[in-house]
Amino acid sequence: MKNIENVSNTMDTYLSFRLGREVFAASVHHVVNILELKPITKVPHAPSYMSGVINLRGQVLPVIDMRVKFGMEPTEPTVDTCIIVLNLTIDNDDVMLGILVDAVSEVLELEDEKIEPSPSIGTKYKAEFIKGMWKKDENFIMLLNIDLIFTRDEIIVVDEKKAEAEVAHADEKVDADK
């Protein structure tokens, strides 16, 4: 009689997206929404990776250009460009922000044992950003540690710029109501 092992395959679900020719994926647990590209209001003196802010159901939402964050050229909007709204936990604080991506690809259901460790060398991205790699056809999809991409200091700056935009928006609304 064969001894049957109790194998428990854990599956995680990821949303994959493109930045240039590269494909990344983030856990769907962080994804709140996917928005078509809408007008982004620039915020003066914002960091280069912050495209600006958008109005999301009455809330000011900072938008980060992931291409700039990863050292690429800024995003050139196309019909496929979109904003993925994420809810992140950074230093035990919940932070909601949008990330600008070239295109959303697909939802992936991946078994943990099919995920390969990220290479410690040979990648142009910080190793801690990459949770692992998943091979699809002849290409790799980089699975992101999305909570680790933004530092506490970066989030503080983004929050300050978001607050400035909220004040400016409130001032505009008061002027419009007069």
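Guide: Two strands are said to pair if DSSP finds at least two bridges between them. Strands are DSSP runs (E, at least two residues), numbered from the N terminus. The model is predicted, so local features need pLDDT of at least 70, side-chain atom pairs count only at pLDDT 80 or more, and totals for chains, interfaces and linings use all residues. Residues are numbered from 1 along each chain as its sequence is written, and side-chain values use heavy atoms, with hydrogens and water left out.

Visitor: How do you know that β5 and β7 pair?

Guide: Three bridges join β5 to β7 (residues 93–101), and the two strands run parallel. Because at least two bridges are required, the three found here qualify as pairing.

Visitor: What makes β4 and β5 a pair?

Guide: Six bridges join β4 to β5 (residues 59–65) in the antiparallel sense. M50 has I64 as its bridge partner in β5, and L56 stands opposite Q59.

Visitor: Why are β3 and β4 said to stand at the edges?

Guide: The open sheet of five strands has the order β3-β6-β7-β5-β4, with mixed pairing. β3 (31–36) and β4 (50–56) each have a single partner strand, so one side of each is left without a neighbour in the sheet.

Visitor: Why is β5 called largely enclosed?

Guide: A residue is buried under 20% relative accessible area, exposed over 50% and partly exposed in between (1.4 Å probe, protein chains only). Six of the seven residues of β5 are buried, so the rest of the structure largely encloses this strand.

Terms used:
Helix = DSSP H or I, 4+ residues; strand = E, 2+ residues; numbered from the N terminus.
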